[in-house]
Amino acid sequence: MPRTLSYWLVPAAAPLTFFQRLIETLAHAKQASAFVPHLTIYSGESPATENPLFIISRAMSGVHEVRLQVGGISYSDQFTKTLFVQFNQSEPLTRITETMRRLSAFPSAYELNPHLSLLYKHMPSDEKQSLARSLQLPMSEVSFDAVWAVESEGSMREAGDVKGWRVVCRESLRVDGDVG
């Protein structure tokens, strides 16, 4: 039976710490689930026999870090994009997504929209808008240096779905001793 497998870019240490604290603060204030800061680069059905480490290693070959420009903080009616950091499109990131799609046993129609969610919660639009306006990021660019493969049960529509995530593998993009 196919599973839903998502590939996440995870921020490097400093932005990871910043975003994790922000996500936990917002989750506590809004009685929502906290989660690991991430940017989904590809998602789709995957047979249990598919090797996500192979897909990650091929798609990320030669990539030691992904840097993305922050486009702003926004909100939407979509549960998984209640409040989020939007990033500018990136040609290298698009190529990574396309490589993952090509290597997948069941290629999906996943469309890359680079963002990092800050809150998953059904809320009135005016409350989301107010939250988005109140937040300021201390950075204009975010560095990502790890890719995780995460298994989930179908679509994300409520807080309980977050608890069902299972990390299948984690892969650092950094080479030992790589500083930049």
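**Aromatic contacts in close-up**

**View 1. Burial of Phe-35 and Trp-165.** Phe-35 and Trp-165 are both buried (under 20% relative accessible area, 1.4 Å probe, protein chains only). The model is predicted, and local features need pLDDT of at least 70, side-chain atom pairs count only at pLDDT 80 or more, while totals for chains, interfaces and linings use all residues. Residues are numbered from 1 along each chain as its sequence is written, and side-chain values use heavy atoms, with hydrogens and water left out.

**View 2. The pair of Trp-8 and Trp-165.** Ten aromatic pairs are present in the structure (ring centres of Phe, Tyr or the six-membered ring of Trp within 6.5 Å; planes under 30 degrees apart are stacked, over 60 edge-to-face, the rest tilted). The ring centres of Trp-8 and Trp-165 are 5.0 Å apart with planes at 75°, so this pair is edge-to-face. Trp-8 belongs to strand 1 (residues 3-11) and Trp-165 to the loop between helix 5 (159-163) and strand 7 (166-172), so the pair ties together parts 157 residues apart in sequence. Helices (H or I, at least four residues) and strands (E, at least two) are DSSP runs, numbered from the N terminus. Trp-8 is buried, its relative accessible area being 4%.

**View 3. The pair of Phe-35 and Trp-165.** These rings are also edge-to-face, at 6.3 Å centre to centre and 75° between the planes. Phe-35 lies in the loop between helix 1 (13-30) and strand 2 (39-46), 130 residues from Trp-165.

**View 4. Charges over rings.** The charged end of Arg-170 sits over the ring of Trp-148, 4.3 Å from its centre (NZ of Lys or CZ of Arg within 6 Å of the ring centre and within 35 degrees of the ring normal). Trp-148 belongs to a cluster linked by ring pairs, together with Trp-8, Phe-35, Phe-79, Tyr-120 and Trp-165. The charged end of Lys-81 sits over the ring of Phe-84, 4.4 Å from its centre.

Key
Buried < 20%, exposed > 50% of the residue type's maximum accessible area, 1.4 Å probe, protein only.
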